[in-house]
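This report describes the fold and the side-chain packing of one protein chain. Please consult the sequence and the structure shown below while reading.

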Amino acid sequence: MVEAVQGAKVVVTGAGGGIGAALARRFAGQGAQVVVNDLDADRAKAVADEIGGIAVPGDASSVVPDARDALGGTVDVYCANAGVGRGGGEPGEPLDEQDWALSWDVNVMAHVRAAHALLPHWLERGSGRFVSTVSAAGLLTMIGTAPYSVTKHGAYAFAEWLSLTYRHRGVKVHAICPQGVRTDMLTASGSAGDLVLAPTAIEPDDVADALFRGIDEDRFLILPHPEVAEYYQARAADPERWLGGMNRIQRHWESTR
């Protein structure tokens, strides 16, 4: 058991399946009271019924007030897990500004709006925990999906900013950055995901395991794939070499399409 979350009041967005459902189950298993949020009301209810939680379906960008009410007026842990993966953005392709706008809204601004709603109470009482499901793409990048890669960089940057700004005032922040995870999003990533992510893909429960180790150790950066740390270091140490390596993967992908 992780003492820091026992009896906590927790919100998990995008929890109708995948990583979000795994997080909701794990928090509930630790004795937390969990609000299960998802755009799909039926999926939210199914997970909530399974874990003895509370389904609060709807847009993750505006869920905090209803979730707080459902939890009796307090949120201790907020998991900003809802996300979208949109491809495109290649030169010569039509620019789909709707994909860019949706990616920015869900992958970044939903986090910003949640923090804006939560921080006044957390700062007043001197405690709170914000968990951001980012992606290794937020530390590195991902071929074939400019909107996803760029906005996941934004999500990571926002989590980092929250941590450095408020950690001395009792706000804990964790950024989860896995590579491939066996979810619907991986399936939807197509041939690029098959090439780069599928060979080392892990289960959603593995991501939950990594988060709870990180909470127990009070770590900001959660890497369910430990090798991402080496890639991140290589990227920072020699950007030209790293970009060359990624371009080789890009060219290989293009040759197989």
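## Packing and architecture

Serine 149 is buried, at a relative accessible area of 5%. The model discussed here is a predicted one. Serine 149 belongs to helix α5. Leaving aside neighbours within four places in sequence, the contacts of serine 149 are Ala137, Thr141 and Met142.

Helix α5 (residues 146–166) also holds phenylalanine 158 and tryptophan 161, which are three residues apart, about one turn of the helix. Phenylalanine 158 is buried, with 15% relative accessible area, whereas tryptophan 161 is partly exposed at 41% relative accessibility. Tyrosine 166 is buried, with 15% relative accessibility. Because the limit for a buried residue is under 20% and that for an exposed one is over 50%, the value of 41% places tryptophan 161 in the partly exposed class.

Across the whole structure, a search finds five aromatic pairs. Two of the pairs are set out in the table below.

| Aromatic pair | Centre to centre | Angle between planes | Geometry |
|---|---|---|---|
| Phenylalanine 158 and tryptophan 161 | 6.3 Å | 15° | stacked |
| Tryptophan 161 and tyrosine 166 | 5.8 Å | 85° | edge-to-face |

Phe158, Trp161 and Tyr166 together make up one aromatic cluster. Another tryptophan ring, that of tryptophan 242, has the charged end of arginine 235 over it, 5.4 Å from the ring centre.

In soluble globular proteins, nonpolar side chains tend to be buried together. In this model, the largest nonpolar core has 45 residues, and those with the most contacts inside it are Tyr78, Leu118, Leu119, Trp122, Phe130 and Leu162. At least two residues of this core come from each of α3 (64–70), β4 (77–80), α4 (97–125), α5, β6 (171–176) and α10 (239–256). Helix α5 supplies the largest share of the core, seven residues. Apart from this core lies another, of 33 residues, which includes Ile51, Val77, Ile202 and Ala208.

What is phenylalanine 130 in contact with, leaving aside its neighbours within four places in sequence? The contacts are Tyr78, Ala80, His111, Ala114, Ala115, Leu118, Trp122, Leu162, Lys172, Val173 and His174.

The strands form an open sheet of seven, with parallel pairing and the order β3-β2-β1-β4-β5-β6-β7. Strands β3 (54–55) and β7 (221–222) stand at the edges; each has a single partner strand, so one side of each is left without a neighbour in the sheet. Strand β1 (residues 9–12) pairs with β4 in the parallel sense over three bridges. Opposite valine 10 stands valine 77 of β4, and Val77 is also among the residues of the 33-residue core.

Helix α2 (residues 41–51) lies across β2 (33–36) and β3, and runs at about 165° to β2. Helix α8 (residues 204–217) lies across β5 (128–133), β6 and β7, and its direction is at about 150° to β6.

Technical notes: Residues are numbered from 1 along each chain as its sequence is written. This is a predicted model: local features need pLDDT of at least 70, side-chain atom pairs count only at pLDDT 80 or more; totals for chains, interfaces and linings use all residues. Side-chain values use heavy atoms; hydrogens and water are left out. Rings of Phe, Tyr and Trp (its six-membered ring) pair if their centres lie within 6.5 Å; planes under 30 degrees apart count as stacked, over 60 as edge-to-face and the rest as tilted. Helices (H or I, at least four residues) and strands (E, at least two) are DSSP runs, numbered from the N terminus. Buried means under 20% relative accessible area, exposed over 50%, partly exposed in between (1.4 Å probe, protein chains only). A charge sits over a ring if NZ of Lys or CZ of Arg is within 6 Å of the ring centre and within 35 degrees of the ring normal. A nonpolar core is a set of buried Ala, Val, Leu, Ile, Met, Phe, Trp, Tyr and Cys residues joined through side-chain atoms within 4.5 Å. Contact means heavy atoms within 4.5 Å. Two strands pair if DSSP finds at least two bridges between them. Axes are lines fitted to C-alpha atoms, for helices over the stretch in contact, and angles run from 0 to 180 degrees between N-to-C directions.
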